[in-house]
Amino acid sequence: SSSSSSSSRRVRRYGKSNLTASELTESLTQGLSSGTYDCMICCDSVQRQQPVWGCGSCYQVFHLQCMQKWVKTSQVAVAAPQADGTTVSRDVWRCPGCQHENTGRLRNTCFCGRRENPKWNPASATAPHTCGGVCNKPLAGTATATGTSASEDAPVRACTHRCSLLCHAGPCPPCPLTVPVPCPCGQTTQRVRCGIDTRVPCCSRPCGRSLDCGRHTCAELCHGGACQPCAVRHRGCCYCGRHVRTVVCSAAQPDRDRQQQQQQ
C-alpha cells in the first residue's frame with residue numbers, strides 16, 4: 001500500500017475532473033475530433049475547422065472569436081517593473097477557465113505553437129487544430145534524490161528532454177526516460193525516471209565526504225543531509241603554545257587557523 005500511495009503522489013492531476021495528463025489529452029482530443037467539445041464562453045460546440053485558442057495553464061480550448069471578445073472587455077493595464085527601475089505598462093487578461101494571467105496578441109496556432117492557422121484535412125489521420133508534427137515542447141519536472149535518512153530533498157537535475165508525441169491538446173506527459181542519479185554520498189548510482197520526484201536509497205559504503213575540519217572524512221555509512229562535525233580527538237595547543245590538551249578536531253580549527261597565520 002505504501003508503494004501505491006507513493007505512486008499516486010507522483011502523478012499530477014488536472015482540474016476538477018482529476019484527470020492525469022494522458023487522460024486529459026485523450027478527453028480533449030476525442031471531444032475536439034467529434035465536435036462535442038463545448039466552448040466555456042458561449043457554450044456552443046467547437047467545430048473541427050474553427051479557429052481556437054487553448055490555455056497553456058488549464059488546457060481549456062475556446063473559440064478564438066469568443067476569446068477576442070473576452071479579452072477586449074476584460075483586459076487591464078498593469079505596470080511592469082523593469083531591470084533599470086522604470087515601469088512599462090502592459091495589457092493583462094485572464095483565462096476564463098483558470099484565471100491565469102496572459103499578455104500579448106491572441107493567435108490561432110496548433111497546440112504545439114509552431115503553425116499558425118492550421119488547416120484540418122478530413123482525409124488525414126491528424127487531430128483537428130494540430131499540425132501533424134512532433135510536439136517538441138520542453139517537458140517539465142525536476143528529479144530529486146534523497147537518502148533514506150535525509151531530512152530534505154536534494155535537487156539533482158531538471159528534465160532537459162522534449163515531448164516526442166505528435167502535436168496534441170492538453171499537457172505533455174511526464175518524461176518517459178530514465179537518468180542516472182547518485183546516492184547521497186555519490187559513490188553509487190541508479191537509473192530513475194527523469195522529471196519525477198524520487199528517493200534514492202543510501203548505499204552501504206562509508207560516506208567519505210570531507211568534514212568541516214578539512215582534514216578528515218565522514219566515517220558514517222552513506223547518509224542524506226550534512227555530515228556531523230568532526231569528532232576526532234587529538235592533542236591541541238593553546239593560543240600561546242605553552243599548554244597542550246586533548247580537544248575535538250572541529251573545535252580546534254580556530255587554533256590551527258591562528259597557527260597558520262603566525263607562520264605566514
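What follows is a conversation about a predicted model of a protein.

Biologist: What makes up the secondary structure of the protein, and how many of its residues count as buried, as a percentage?

Modeller: The secondary structure of this predicted model comes to four helices and 13 strands, and of the 264 residues of the protein, 31% count as buried. The accessible surface comes to about 16500 Å², and 48% of that surface belongs to carbon and sulfur atoms.

Biologist: Why are β5 and β7 said to stand at the edges of their sheet?

Modeller: The sheet is an open one of three strands in the order β5-β6-β7, with antiparallel pairing. In that sheet β5 (76–81) and β7 (101–103) each have a single partner strand, so one side of each is left without a neighbour in the sheet, and they therefore stand at the edges. Neighbouring strands of this sheet are turned by 50° against each other on average, when direction is ignored.

Biologist: How do you know that β5 and β6 pair?

Modeller: Two strands count as paired if there are at least two bridges between them. β5 and β6, the latter made of residues 87–94, are joined in the antiparallel sense over six bridges, so by that cut-off they are a pair. Within this part of the sheet, valine 76 stands opposite valine 92 in β6.

Biologist: What packs on the sheet, and which strands does it touch?

Modeller: Helix α3, residues 64–74, packs on the sheet and touches β5 and β6, and the direction of helix α3 makes about 130° with that of β6.

Biologist: Why is histidine 129 called buried?

Modeller: A residue counts as buried when its relative accessible area is under 20%; histidine 129 has 5% relative accessibility, and therefore counts as buried. Histidine 129 is found in the loop between β7 and β8, and its phi is near 70°, a positive value in a residue other than glycine.

Biologist: What percentage of the contacts between residues at least 6 apart in sequence join residues at least 24 apart?

Modeller: Among those contacts in the protein, 38% join residues at least 24 apart.

Notes
Residues numbered from 1 in each chain as written. Predicted model: local features only at pLDDT ≥ 70, side-chain atom pairs only at ≥ 80, totals over all residues. Heavy atoms only, no water. Helix = DSSP H or I, 4+ residues; strand = E, 2+ residues; numbered from the N terminus. Axes fitted to C-alpha atoms, helices over the stretch in contact; angles between N-to-C directions. Contact = heavy atoms within 4.5 Å. Buried < 20%, exposed > 50% of the residue type's maximum accessible area, 1.4 Å probe, protein only. Areas by Shrake-Rupley, 256 points an atom, 1.4 Å probe, with all protein chains shown as cover.
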